[in-house]
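Let's take a walk through a protein chain together. Keep the picture in view and look up each residue as we go.

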Amino acid sequence: MKSCRALAFAAAFAAHSAVGAAPTSYEFLLTGSGQRVDSQYTCTNWAAIGYCPTVNLSWSGLMRVTLADDADGVYTRETLADITMDSNLYSFSVDGFNSPDPYVLGSQDALVTVANGQISSIDFARRDLYEAATFSGLSVVYTAGSNTGPCKGCSSYNLSGTLQPVPEPASIALMLAG
């Protein structure tokens, strides 16, 4: 009797898995800007002028969000597969939100909202003693250095950016076709 129930469960699980439960990835272009201020320990002008000038920066990169499936709804820590961001100034990867990552704040801060087949909001924070990245909607703020922790000799960064969805190849072909 138990083997019949187990077989029925396995068949139902396989049928569910075959219908729309495949992981789905979304990509975003990151564009933004900000400033860096070197500390007196790394600033070459400190001795001559007594302060470190502010350096304006461009921030660009690519972010990929992989979800458990492609259905509309709110994805939490349990249904997020991974989030990876590669940029010219800050990069990270969180593989499997179910495994403990000491840098990602609680599950209430790890939410991704999908509406009409597109991610409309990414909300979570990732921080340690020296740096913090906070995602809200399709915006991201990054701070690092002496203003976020006890980092003697570190440069301070204050950046903000927006995430723009990268169209799927089929969508690009349709746009080009008119």
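In what order do the strands of the open sheet lie? The order is β3-β6-β7-β8-β9-β10-β1-β2-β4-β5, which makes 10 strands with antiparallel pairing.

## Before we dig in

This is a predicted model, where local features need pLDDT of at least 70, side-chain atom pairs count only at pLDDT 80 or more, and totals for chains, interfaces and linings use all residues. Residues are numbered from 1 along each chain as its sequence is written, and side-chain values use heavy atoms, with hydrogens and water left out.

## The overall plan

The protein chain has 3 helices and 10 strands. Both kinds of element are DSSP runs numbered from the N terminus: helices are H or I with at least four residues, strands are E with at least two.

Of the 178 residues in the protein chain, 29% are buried. Here buried means under 20% relative accessible area, exposed means over 50%, and partly exposed is in between (1.4 Å probe, protein chains only). Next come contacts, meaning heavy atoms within 4.5 Å. Taking the contacts between residues at least 6 apart in sequence, 52% join residues at least 24 apart.

Strands count as paired if DSSP finds at least two bridges between them. Strands of a sheet pair through backbone hydrogen bonds, either parallel or antiparallel.

Now try strand β1 (residues 24–37). On one side, β1 pairs with strand β10 (residues 156–165) over 10 bridges in the antiparallel sense, and Gly32 stands opposite Gly161 in β10. β1 also pairs with β2, again antiparallel, over 14 bridges. From β2, 7 bridges lead on to strand β4 (residues 80–87), and these two run antiparallel; Thr66 stands opposite Asp82 in β4.

## Two salt bridges

How many salt bridges are there? The count comes to 2, where a salt bridge is a side-chain nitrogen of Lys or Arg within 4 Å of a carboxyl oxygen of Asp or Glu. One is between Glu27 and Arg64, with the closest N and O atoms 2.1 Å apart. Glu27 lies in strand β1 and Arg64 in strand β2 (residues 54–67), so the pair ties together parts that are 37 residues apart in sequence. Arg64 is also the bridge partner of Glu27 in β2. Glu27 is partly exposed at 24% relative accessible area, and Arg64 is partly exposed too, at 38%.

Asp38 and Arg36 form a salt bridge as well, and their closest N and O atoms are 3.0 Å apart.

## The nonpolar core

A nonpolar core is a set of buried Ala, Val, Leu, Ile, Met, Phe, Trp, Tyr and Cys residues joined through side-chain atoms within 4.5 Å. The largest one here has 28 residues, and those with the most contacts inside it are Met63, Val65, Leu67, Ile119, Ile122 and Phe135. β2 gives the most to this core, with 5 residues. Not counting residues up to four places away in sequence, Ile122 touches several residues, including Phe28, Met63, Val65 and Phe135.

Is Met85 buried or exposed? Met85, in strand β4, counts as buried at 0% relative accessibility. Leaving out residues up to four places away in sequence, its contacts include Leu30, Trp59, Met63 and Phe135. Met85 and Phe28 are 57 residues apart in sequence, yet their C-alpha atoms are 9.2 Å apart in space.

Look at β6 next. Over 3 bridges, β6 pairs with β3 in the antiparallel sense, and Tyr75 has Val112 as its bridge partner in β6. Another 5 bridges join β6 to β7, which run antiparallel, with Leu111 opposite Asp123 in β7. In a regular strand the side chains alternate between the two faces of the sheet. β6 has a covered face, Val112 and Val114, and an uncovered one, Leu111, Thr113 and Ala115.

The hairpin of β6 and β7 has 2 residues between the strands. Asn116 sits in this loop, between β6 (111–115) and β7 (118–127), and is exposed at 72% relative accessible area. Its phi is near 55°, a positive value in a residue other than glycine. Most residues other than glycine have a negative phi.
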